[in-house]
Amino acid sequence: MGHLDHATFGWLTPALSYAMACVGAALGLRCTVRALDATGRSRRNWLLTAASAIGTGIWTMHFVAMLGFGVTGTDIRYNVPLTILSLVIAMAVVGVGVFAVGYGRDRVRSLLIGGLTTGIGVASMHYMGMAALRLHGEVRFAPLLVGLSVLIAVVAATAALWAALNIHSPAAVAVASLVMGAAVSSMHYTGMFAVRVDVVPSTAALPGATVMQFIFPLAVGLGSYLFITSAFVALSPTAKERAAYASAGRLTDERAVDVAPPGFRAAQSARTPTS
């Protein structure tokens, strides 16, 4: 059996992957909170952004962590279509869970359905990503640890959606995202500790792309998307803030009329239509 190294670059990849998970969780939670305060097309757009943020954050976390994964005795390649499919699965299934919470009338049932769906989506993304591995040997999994990783994913997803429904202050969302990032990282490494590789020495060329050819550029691109979108969400006013700005504007206009000269007020009254 080949020796597995989960941190070939030391603590760099685990720390960076945790940061990606936290950013994705924070952005997803903020977008979900915005969605619950919105209606119509605006709610749908916020939920779509939340699903893409959480799914992208989880996927980026997984493959940034995989940058530090190595097996003695064999090179590692990645099947490109399966890797991209794992990203699509992450966003699609997380989207189902987020929309269940965003449009559900019964909050408890919506939370349970959304948490279960999202958790299974997270686990599916992880193991689809592992299925994309190409190496000289056979990859096996310890069933008990696989089951534990799926359970962690479901619990973490449910907790994150609960936070989106019940936590609204930016500071509380930040704390919740740190917890969510830790939970997602725990799920990932629990799943990785379930991996067993029986290496079969070979000089044949492996199919697929190397980490630096494919995974690294894609992870950098998706990470940039998360940070740019986070900045956009942080700078865009909430519905309550827009209402406060509008109310302040009306109040300013009323005060301006009150302190205007008599001739100006008379002219304003003359222009005001009467019923």
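Good morning. Phe-9 is found in the loop between β1 (4-5) and α1 (12-36); helices (H or I, at least four residues) and strands (E, at least two) are DSSP runs, numbered from the N terminus. This is a predicted model, in which local features need pLDDT of at least 70 and side-chain atom pairs count only at pLDDT 80 or more, while totals for chains, interfaces and linings use all residues. Residues are numbered from 1 along each chain as its sequence is written, and side-chain values use heavy atoms, with hydrogens and water left out.

Phe-9 is partly exposed, with a relative accessible area of 47%. Here, buried means under 20% relative accessible area, exposed means over 50%, and partly exposed lies in between (1.4 Å probe, protein chains only).

Let me turn to the core. The largest nonpolar core has 63 residues, and those with the most contacts inside it are Met-66, Phe-69 and Tyr-78. Helix α2 (residues 40-66) supplies the largest share of this core, eleven residues. Such a core is a set of buried Ala, Val, Leu, Ile, Met, Phe, Trp, Tyr and Cys residues joined through side-chain atoms within 4.5 Å.

Which residues does Phe-69 touch, not counting those up to four places away in sequence? They are Leu-4, Asp-5, His-6, Thr-8, Ile-76, Leu-133 and Met-192, where contact means heavy atoms within 4.5 Å.

Phe-63 lies in helix α2. Phe-63 is buried, with a relative accessible area of 0%. With residues up to four places away in sequence again left out, Phe-63 touches Tyr-78, Thr-83, Ser-86, Gly-129 and Ile-215. Phe-63 and Thr-83 are 20 residues apart along the chain, and their C-alpha atoms are separated by 9.4 Å.

Thr-72 and Asp-5 are 67 residues apart in sequence and 8.1 Å apart in space, C-alpha to C-alpha. Thr-72 sits in the loop between β2 (70-71) and β3 (76-78) and is partly exposed, with a relative accessible area of 45%.

Finally, helix α5. At 1.5 Å a residue, the 24 residues of α5 (residues 143-166) should span 34 Å, and the end C-alpha atoms are 35 Å apart, which agrees; the expected span is 1.5 Å times one less than the number of residues. The buried residues of α5 include Ser-149, Ala-153, Thr-158 and Leu-165. Their cover includes α1, α3 (80-103), α4 (107-131) and α6 (170-193). Thank you.
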